[in-house]
Amino acid sequence: MNQNSDNKKRDLFSSKDKKTIVVGVTGSIAAYKAAELVSQLRQRNYNVFVIMSADAKNFITPLTLQTLSCNPVLENFLEEEPGSPCGHIALADRADILLIAPATASTLARLAYGFSDDPLCAVALATHAPLLIAPAMNVKMWEHAATRDNVERLRARGAVFIGPGWGMLACGYEGPGRLIESSIIVDHVEKILLEKK
Ligand SMILES: Cc1cc2nc3c(=O)[nH]c(=O)nc-3n(C[C@H](O)[C@H](O)[C@H](O)COP(=O)(O)O)c2cc1C
């Protein structure tokens with residue numbers, strides 16, 4: 001069998017007709033899993049743009065997510081998408097879904113109260129796309145009344161939560177707090193897009 005004859009290369013850059021998933025990555029120990037998530041979204045042929053919080057960069061590099069998404073990563077307000085004078089608004093307009101994975105307790109609080117002091121929260125305020133949130137944190141942070149309140153505020157405004165999963169956490173506790181598996185998140189993205197049709 002001639003192995004070379006099957007070496008097809010997918011066109012990674014043609015964006016016509018593809019749905020755009022904007023993925024927010026925040027400063028959780030689970031941020032490294034965003035690499036697998038972004039890769040799986042690309043394999044399902046979505047256009048993927050990543051926005052990283054400043055603290056997310058302590059856990060995973062923009063270069064990794066830029067390479068896997070095949071798009072520039074938005075890290076601060078001064079960066080602009082090529083050809084756009086206002087990168088975060090362009091992303092907000094372009095998003096078919098805003099997915100935040102992993103979402104920290106801190107980001108949930110800022111989203112719940114409508115802060116726009118970082119690019120991710122600003123995009124969340126400026127977009128009409130559905131918001132899908134996959135939290136990851138210590139079990140006590142997840143169960144704290146402040147977090148419960150923030151989650152309910154966001155749910156009441158239409159945000160959809162997926163997870164957290166139950167299990168052994170990096171901090172040594174066992175309970176809810178794990179980022180849900182990438183394949184389950186991607187299935188949920190597809191479900192929301194189908195419902196939107
Ligand atoms: C090693 C380490 C792991 C952390 N993991 C989490 C986490 O899983 N979830 C969380 O809510 N915060 C976690 N934090 C705290 C956040 O990084 C901190 O609240 C940060 O300000 C979040 O900012 P951001 O939401 O803008 O990314 C962690 C901090 C450290 C040092």
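These legends describe close-up views of one predicted model.

Local features are given where pLDDT is at least 70, side-chain atom pairs count only at pLDDT 80 or more, and totals for chains, interfaces and linings use all residues. Residues are numbered from 1 along each chain as its sequence is written.

**View 1. The chain comes to 8 helices and 7 strands.** Helices (H or I, at least four residues) and strands (E, at least two) are DSSP runs, numbered from the N terminus. Of the 197 residues, 40% count as buried. A residue is buried if 20 or more other C-beta atoms lie within 10 Å of its own, exposed if 12 or fewer, and partly exposed in between, with C-beta atoms placed from the backbone. Among contacts with a separation of 6 or more, 73% join residues 24 or more positions apart. Contact means that the C-beta atoms of two residues, placed from the backbone, lie within 7 Å.

**View 2. Five strands form an open sheet.** The order is S2-S1-S3-S4-S5, and the pairing is parallel. Strands pair if DSSP finds at least two bridges between them. Strand S2 (47–52) and strand S5 (160–161) are the edges, each pairing on one side only. Strand S1 (residues 20–25) pairs with S3 over 4 bridges, in the parallel sense. Glycine 24 has isoleucine 100 in S3 as its bridge partner.

**View 3. Helices H1 and H2 lie across strands of the sheet.** Helix H1 (residues 34–43) lies across S1, S2 and S3, and runs at about 180° to S1. Helix H2 (residues 62–69) lies across S1 and S2, at about 170° to S2. Axes are lines fitted to C-alpha atoms, for helices over the stretch in contact, and angles run from 0 to 180 degrees between N-to-C directions.

**View 4. The largest nonpolar core has 54 residues.** Such a core is a set of buried Ala, Val, Leu, Ile, Met, Phe, Trp, Tyr and Cys residues joined through C-beta atoms within 7 Å. Val23, Val50, Leu98 and Ala101 touch the most other members. Strand S3 (residues 97–103) gives the most to this core, with 6 residues. Beyond its neighbours within four places in sequence, valine 23 is in contact with Ala34, Leu37, Val38, Val48, Val50, Leu99 and Ala101.

**View 5. The shell around the ligand has 15 residues.** Gly27, Ser28, Ser53, Thr104 and Met137 come nearest. A residue is near a molecule if its C-beta atom, placed from the backbone, lies within 6 Å of it. By class, the shell has 7 nonpolar, 7 polar and 1 charged residues. Ala, Val, Leu, Ile, Met, Phe, Trp, Tyr, Cys and Pro count as nonpolar, Asp, Glu, Lys and Arg as charged, and the others, Gly among them, as polar. Helix H4 (residues 105–112) contributes the largest share, 3 residues.

**View 6. Helix H4 is largely enclosed by the rest of the structure, because 6 of its 8 residues are buried.** The buried residues are Ala105, Thr107, Leu108, Arg110, Leu111 and Ala112. Their cover includes S3, helix H5 (119–126), strand S4 (131–135), helix H6 (139–143) and helix H7 (145–156). Just after H4, glycine 114 takes a positive phi of about 70°.

**View 7. Aspartate 55 sits in the loop between S2 and H2.** Aspartate 55 is partly exposed, with 16 other C-beta atoms within 10 Å. Leaving aside neighbours within four places in sequence, aspartate 55 is in contact with Thr26 and Gly27. The C-alpha atoms of aspartate 55 and serine 28 are separated by 8.1 Å, though these residues are 27 apart along the chain.

**View 8. Strands S6 and S7 make a hairpin with 5 residues between them.** Strand S6 (residues 165–168) and strand S7 (residues 174–178) pair in the antiparallel sense over 4 bridges. Tryptophan 166 stands opposite proline 176 in S7. Within the hairpin, glycine 172 takes a positive phi near 100°.

View 9. Proline 102 lies in strand S3. Proline 164 is in the loop between S5 and S6.

**View 10. Asparagine 45 and cysteine 70 have positive phi without being glycine.** For asparagine 45, in the loop between H1 and S2, phi is about 75°. Asparagine 45 is exposed, with 12 other C-beta atoms within 10 Å. For cysteine 70, phi is near 65°. Cysteine 70 lies in the loop between H2 and helix H3 (87–94) and is partly exposed, with 14 other C-beta atoms within 10 Å.
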